Each structure stands twice: as C-alpha cells, then as structure tokens.
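Here are a few friendly notes to read alongside the model.

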Amino acid sequence: IQNAGEVAKGLTQLLADYRHPLLVLDDLDQASAEMRTWADQLMQTIPHLKLLGAARRRPPDPGIVICDLTTFATDDTEANSATELLISFARHFGAKEQELSADREALGLIAEHLDGLPLALEIAAAWLPLIEPRTLSQKLRTSPELITRQPGAGRDSLADCVSAICNDLTPEDRDALVTLCLCHGGSGEALAEEMLGSDWVWRVRTLIDRSLALRVSGHAENRFVVVQALREAVLVVESEERVGRGRRTWRDACLSLGEKAYFEVNERDRRRWLLWLRDEGGNILAACSQTSHDKGLLSKAIDLLDRMRSPFWLISQFNEYRRVMDDLIATGVEVFPENDASTPIAVVEARVQDLTSKGELHAAIRLAALHRTALEGEADRLRLALALDNEGDVRKLATDYEGAFDCWKRCAGLFEEAGYPRHAAWIESKLISADRYLGRFAEARARRQIALNRARELGDDNSVGIYLKMYAVDALERREFDEAIRLAEAAVAALRRTGETVT
C-alpha cells in the first residue's frame with residue numbers, strides 16, 4: 001500500500017467514528033508480521049471494533065471464533081449454489097427477473113462451466129441484461145473471451161485481474177501455473193513432480209495459497225486443479241513462448257510417466273497403477289494426440305498407446321483411447337515407410353491387418369518379417385519382442401503354427417532379457433496353444449504347469465487366472481464338474497485380485 005502510515009491513520013479515525021465498526025481482512029493467514037502488529041494495535045485503539053478475517057488455514061490462536069464455510073456447489077441442487085450467486089449478481093446488474101426464472105437450467109450450465117468461480121460469475125452476470133442466458137451459455141463454451149478479455153459491468157475482465165496476479169508471481173511460479181493450466185482434469189502428485197521437479201510441493205502450495213489452484217482427491221493421490229475460467233484467462237495472459245514451453249514440459253512428462261505406468265501395470269503393482277491411470281488417462285491421451293507434428297514423438301506415442309490397450313479398457317476409457325489411437329495410426333501410415341525400422345509396431349500391425357483382410361496372408365507375413373528383421377540389429381529388446389509377437393499372430397492366422405511357435409519362443413526369451421518376466425509368462429499361453437495345434441499335447445500340459453508355477457512365483461495373478469481357467473476347461477471336458485468349478489473359482493479370484501471385473 002502506498003503511504004501505508006497515512007492510510008492506517010485515516011482508517012483508524014474512520015472506524016472510531018462508527019458505533020458498530022467492522023473490519024474485514026482477506027487472506028488473514030498470509031498476513032505479514034507488520035500487518036498482524038497493526039491489526040493488534042487497531043483492536044486496542046478501538047475496543048468496540050469487530051474483526052472478521054477470511055483464511056484457508058485455521059489460525060493457531062484459540063481465542064478466535066472459527067466459522068467453516070463450504071465451497072459453492074456448481075449444480076443447482078443446493079440453496080448455497082453457484083447458480084444462486086450468478087442470479088444475485090445478475091439482479092444487481094439489472095437482468096429481468098422473468099428471463100432469470102425462465103432459463104434457470106441455462107444459468108446452471110453457465111455456473112458449472114465457470115466452476116463456481118465468483119469473479120468469473122460476476123463478469124458473466126454483467127452480460128445477462130444484454131444477452132439471454134441460453135445464448136450466453138453457448139457463447140462461453142465456444143469463445144471464453146466474454147469473461148477473459150471483455151470487462152463486465154463494474155468489474156475488469158478476468159484476464160486483467162489474472163494479469164495483475166501473474167505479474168506478482170516469480171517466473172518459476174508462473175511457469176508452474178501455466179503447466180498446471182495445460183493439464184486435462186488436473187495433475188496428480190507423480191505428474192506434478194515429473195513436470196515441476198523436486199520442489200514441486202512448494203510451487204503447487206504457492207498456487208493453492210493464492211487461490212490459483214485447488215487440491216482435490218483423486219483415485220490414487222491428491223490432484224491439483226486450476227478451474228476452467230482461470231485456466232482460460234492464464235493462457236490468454238501469458239506469452240506464447242511460456243505457454244509453448246509449458247506444453248512441451250507437460251507432454252514430455254505425460255509420455256515418460258505413461259511408459260512407467262505401462263511397466264508398473266504389467267510387471268508390478270497392477271491395482272495401484274490402474275487407479276493412477278484413472279486419474280491421468282486424460283492427460284496421457286491428450287499429450288499423445290499432440291505429437292503428430294514430430295516423427296520421433298509420434299513413434300513414441302503410438303508405441304506407448306499400443307501397449308496400453310488393455311489398461312485403458314480396464315479403466316473404462318477405451319472409446320477415448322480408440323479415437324486417439326486411430327488418429328495416430330492413420331497419421332503414422334502416411335509418415336512411416338514400410339522398410340523403416342523406427343516404424344511403430346501398431347502401424348505395421350495396421351498394414352498387416354489390411355493385407356490380411358484382403359486375403360493376402362503371405363504378403364502380410366513378409367511385411368511382419370521385414371519389420372522384425374529391420375529391428376534385429378537394434379538393442380531395443382522390448383520392441384523386437386513385440387514385433388515377434390505380432391509376426392507370430394500373423395503366422396498363426398496363416399496356419400503356420402511351427403513358424404508362430406518359433407516367433408513366440410524367441411519373444412518370451414527377449415521379454416525375460418528386457419526385464420519383463422510377466423510378459424514372458426503371458427507369451428507361454430500362446431506357446432501352449434501352438435503345441436496343441438501341432439498335436440503336442442503332452443508338451444502343452446508340461447509347459448502349462450511350468451508356466452503356472454512361474455506365474456505364481458512372480459505374483460502375476462493375471463497369468464495365474466488364465467492358466468487356472470485352462471485347467472478348468474480341461475476338467476470340464478473330462479466331466480469332472482466339481483474340480484472344474486473349484487478351478488474356475490480360483491481363476492476368478494486371481495483375476496479379481498488384479499483389479500479386473502470378471503463375470
């Protein structure tokens with residue numbers, strides 16, 4: 001405050017002249033030592049003064065009376081809702097009561113779209129005397145400029161307010177705010193650390209303390225969310241350079257954590273990382289969809305999503321996954337030549353499926369083998385294993401079971417060498433089916449028992465469930481019904497321990 005001493009003196013005299021003076025202070029928990037001293041002196045000078053302070057954290061002084069306030073609900077089911085606040089603002093600005101009553105549903109949609117942010121609600125309400133609620137709702141969804149750039153009655157635009165706030169932040173905190181604004185559905189703790197570095201806790205706390213971000217509960221960990229109205233305003237205010245830098249940071253962090261999640265879901269703590277993926281699935285899909293401009297990133301994104309097909313299905317986000325994956329593969333088919341070793345497995349698979357659907361099975365095998373040969377000289381055992389798995393599937397379709405068996409046997413060995421033992425155990429089920437097709441039933445039974453024991457050693461409940469299911473089918477074929485039921489129940493229990501819903 002400019003001339004703080006004179007302001008304090010004038011305010012003290014003003015308050016002393018009132019019979020029932022009330023002083024309201026915002027962000028009381030963030031007050032400096034000087035501010036607290038001044039407030040204390042003011043209370044002593046004016047004994048009948050009442051002080052009301054707003055704070056995010058409870059003050060330690062036991063003599064202070066605490067009144068907890070809940071946030072505005074964004075739906076219209078409660079009296080203390082964001083819709084009611086929007087209507088109150090609209091009445092203040094002179095909106096017609098008849099229109100407000102007739103379009104209450106549209107007003108609820110406006111309040112929900114603005115996440116109940118009072119400042120944004122006030123700016124939006126200033127347009128209601130001029131624009132009907134339904135029209136305003138549609139305009140805010142197609143163009144946020146009505147609240148971000150254009151001022152409402154008696155209030156600067158949201159962008160002006162946010163600009164003043166951003167100018168008061170350190171460059172590091174501004175970068176953190178922009179990065180959080182780019183996240184879809186917020187950021188969890190793991191993603192925040194990947195994006196913001198080891199001091200992410202202090203960056204995020206600064207934004208929360210200044211009411212620029214919210215902390216909400218997620219499936220796996222805390223999530224940090226910037227509400228939509230603020231997010232739009234921040235992205236309008238900040239420079240293209242800072243937004244572009246934040247977008248690269250967010251995208252790279254999502255791809256890196258996505259690779260880690262793939263390994264953890266399949267090789268380690270499946271349940272925990274499926275819950276993590278429920279939180280961050282939107283971020284990973286959005287980041288992957290923004291890689292088509294860069295060939296290296298496109299290859300990385302397609303390979304990642306190709307492996308994540310099953311996890312996205314398990315968390316009920318398969319439709320969104322399929323849409324992003326289809327777009328990336330269509331781009332990849334145009335970008336990558338057939339004999340390029342960097343071609344993602346999923347792009348090769350799409351070309352193979354196209355040939356297969358036309359009945360050109362031998363051409364499909366040649367293409368799969370060509371891609372596998374192109375990878376032979378590289379040190380990436382994981383990609384080579386996935387290519388061999390793909391070639392084995394094509395050879396099986398062409399009834400070349402011996403060739404399929406050889407591909408899958410090499411594939412299982414490469415998975416073991418690459419540090420994916422559970423993948424290797426899963427490939428054993430394909431080797432067992434190949435043995436059965438070739439009439440090697442004794443070998444298939446012996447391989448299945450070894451695979452089941454191996455899966456139990458690894459704690460791989462998914463593979464345990466698959467092999468127990470095979471044993472249940474065999475018992476059913478032998479008409480040993482009690483044994484079949486016992487094995488089937490054990491298979492269901494194992495699969496459910498992985499977090500899957502089993503019928």
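1. A word on terms before the surface figure: accessible areas here come from the Shrake-Rupley method with a 1.4 Å probe. On that basis the chain exposes about 26,400 Å², and carbon and sulfur atoms supply 50% of this area. Please bear in mind throughout that this is a predicted model.

2. Next, the overall make-up. The chain's secondary structure comes to 26 helices and five strands. Its radius of gyration is 31 Å, well over the 23 Å that the globule rule gives for 503 residues, so the chain is more spread out than a compact globule. Taken along the principal axes, the box filled by the C-alpha atoms is roughly 100 × 50 × 50 Å.

3. How much of the chain is buried? Buried residues account for 46% of the 503 residues. As for contacts between residues at least 6 apart in sequence, 64% of them join residues at least 24 apart.

4. On charges, the chain has 64 positive and 81 negative ones.

5. Three strands form an open sheet in the order 3-5-4, with antiparallel pairing. Strand 3 (187-188) and strand 4 (214-217) are the edge strands, each pairing on one side only.

6. Now the pairings in detail. Strand 3 and strand 5 (residues 222-225) run antiparallel and are joined by two bridges: S187 has F224 as its bridge partner, while G188 has R223. On the other pairing, strand 4 and strand 5 are antiparallel over four bridges, and V216 stands opposite R223. A hairpin of four residues takes the chain from strand 4 to strand 5.

7. One residue I would point you to is D209, in helix 12 (residues 200-209). Is D209 buried or exposed? The cut-off for buried is under 20% relative accessible area, and D209 has 18%, so it counts as buried. Leaving aside residues up to four places away in sequence, D209 touches Q30, R56 and R57.

Note on methods. Residues numbered from 1 in each chain as written. Predicted model: local features only at pLDDT ≥ 70, side-chain atom pairs only at ≥ 80, totals over all residues. Heavy atoms only, no water. Rg over C-alpha atoms; globule rule 2.2 N^0.38 Å. Buried < 20%, exposed > 50% of the residue type's maximum accessible area, 1.4 Å probe, protein only. Contact = heavy atoms within 4.5 Å. Lys, Arg positive; Asp, Glu negative; His and termini not counted. Charge placed at Lys NZ, Arg CZ, Asp CG, Glu CD. Pairing = 2+ DSSP bridges.
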